[in-house]
Amino acid sequence: MTLSVAIVIPTRNRADLAIEAIRSLLPIADGRLGRIVVSNNSSEPDHVRRLTDYCERSLDKRLLHIRPPGPLGMAEHWDWAIGQALELTEATHLALHYDRRVSKPELPSLFDAAEERPGLPVTYLLDTVHPRPTRFFVHQMPWTGGLYEIRTERAVKLAASGRLTDLWQVFPVLVNCLTPRSALDRVRDRFGDYCASTSPESCFGFRYCAVADSYLHFDRALGIHYGSERSNGMGYLRGDSSGAFADFTRLRGARPWLEAAPIPGLSLGQNSFYHEYEMVRRTTGDAAFPPIEMAPYLRDLARGLHWIADPARRSEARETLARNGWRDEDDLEPWAVPRPPAAKLDLLRADYWSVRADDLYTIGLKSEARALRHARRHRLAESTNADFIAPLEPVRLR
């Protein structure tokens with residue numbers, strides 16, 4: 001098979017971020033990158049105009065700018081954009097690309113990995129920039145450069161045992177995955193659409209696990225997430241009813257919210273992912289998707305308490321967890337941001353401070369632009385072990 005990749009960037013009212021995402025892809029001269037499909041779901045005229053003008057002025061013939069017929073909710077927009085990309089291009093493989101992400105120049109190494117088993121999706125890692133008080137932190141993932149095969153049965157088992165926060169980057173959740181057209185077709189044929197649910201990325205991931213036996217993981221960070229202050233997902237995590245999350249909920253309408261999750265309706269941690277797990281389980285049954293284990297599920301949700309900015313909301317979420325059997329244990333953040341020793345508090349006034357913790361390199365800088373620049377210029381050295389993905393029991397192919 002000759003690999004041909006379409007990268008889809010769905011975006012809404014974030015023209016500046018979408019343009020940066022495009023700019024990170026345009027220098028990639030690999031002939032296997034056939035099209036960059038920008039799906040502009042913006043409603044604000046300035047964002048519509050700026051992104052449209054940028055795409056129309058581009059001399060790169062790989063760039064394809066499309067607009068849905070009307071405003072769509074996030075999941076419906078992603079589903080529509082995937083369908084359009086498959087219809088309008090000859091791509092053998094498709095990748096979803098957040099507008100809040102820039103890709104690294106090493107992205108073509110993912111195409112090499114996909115060519116080894118072209119019928120299987122290939123997941124990969126992503127570094128992250130996100131704000132915490134006083135600093136923007138860069139979290140860089142340990143990597144081996146290896147290519148591994150992972151059984152979907154094992155991934156499902158770990159999801160049911162409350163491991164989603166730790167391991168979501170190694171689940172095939174669209175935004176960290178190069179997916180064959182054939183795999184997308186299998187999901188659509190079984191479920192009626194690709195990802196038109198509450199959380200489109202995890203919706204697709206669990207659906208794929210229901211129709212296939214394995215996928216690949218390329219153990220290298222190939223992009224950087226940032227711009228979380230303008231993220232639907234971060235608004236959900238923080239319990240923030242304004243901004244992007246308010247727009248998300250308005251477009252979603254009055255449909256039930258996370259009704260399939262073990263604790264229905266709770267906006268906390270990865271509960272949206274657990275909701276999607278249960279939605280797929282309703283189709284597959286216990287044999288393929290075991291029931292979610294309540295105690296580890298509660299512990300995993302509790303790790304999201306740190307993200308809730310409002311003390312009253314955080315207290316309410318804690319009480320909800322306690323009513324469902326959670327014990328008020330030490331809460332762990334998804335990526336623990338270590339605190340400098342008291343004797344070194346002057347470091348907080350310095351340009352940055354950095355630490356090593358849990359095999360993640362964490363560095364804090366004063367602005368998001370500087371944090372992103374650092375993440376793009378500096379990379380972790382290659383690791384000699386695959387401890388991060390070991391729970392998935394991967395089989396190394398190379």
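The model is predicted, and local features need pLDDT of at least 70, side-chain atom pairs count only at pLDDT 80 or more, while totals for chains, interfaces and linings use all residues. Residues are numbered from 1 along each chain as its sequence is written, and side-chain values use heavy atoms, with hydrogens and water left out.

Let's start with the whole chain. Its secondary structure comes to 14 helices and 13 strands; helices (H or I, at least four residues) and strands (E, at least two) are DSSP runs, numbered from the N terminus. Of the 398 residues, 57% are buried, where buried means under 20% relative accessible area, exposed over 50%, and partly exposed in between (1.4 Å probe, protein chains only). The accessible surface is about 16800 Å², and carbon and sulfur atoms hold 50% of that area; such areas come from the Shrake-Rupley method with a 1.4 Å probe, and for residues only the protein chains shown count as cover. Now take the contacts (heavy atoms within 4.5 Å): among those between residues at least 6 apart in sequence, 78% join residues at least 24 apart.

Next come the rings. The structure holds six aromatic pairs; rings of Phe, Tyr and Trp (its six-membered ring) pair if their centres lie within 6.5 Å, and planes under 30 degrees apart count as stacked, over 60 as edge-to-face and the rest as tilted. F204 and Y208 form a stacked pair, at 6.4 Å centre to centre with 25° between the planes. These two residues are four apart in helix α8 (residues 200-211), so about one helical turn separates them. F204 is buried at 0% relative accessibility, and Y208 is buried too, at 2%. Y274 and Y297 make an edge-to-face pair, because their ring centres are 5.0 Å apart and their planes stand at 90°. Since Y274 lies in helix α11 and Y297 in helix α12 (residues 294-302), the pair ties together parts that are 23 residues apart in sequence. Both Y274 and Y297 are buried. Elsewhere, F171, F206, Y277 and F289 form one aromatic cluster.

Two arginines also lie over rings. A charge sits over a ring if NZ of Lys or CZ of Arg is within 6 Å of the ring centre and within 35 degrees of the ring normal. R100 lies over the face of Y98, at 5.2 Å from the ring centre, and R220 lies over the face of W143, at 4.6 Å.

Finally, look at two loop residues with a particular backbone angle. Most residues other than glycine have a negative phi. N13, in the loop between β1 (5-11) and α1 (15-25), has a positive phi of about 55°, and N13 is buried at 12% relative accessible area. L258, in the loop between α10 (243-252) and α11 (271-284), has a positive phi near 50° and is buried at 0% relative accessibility.
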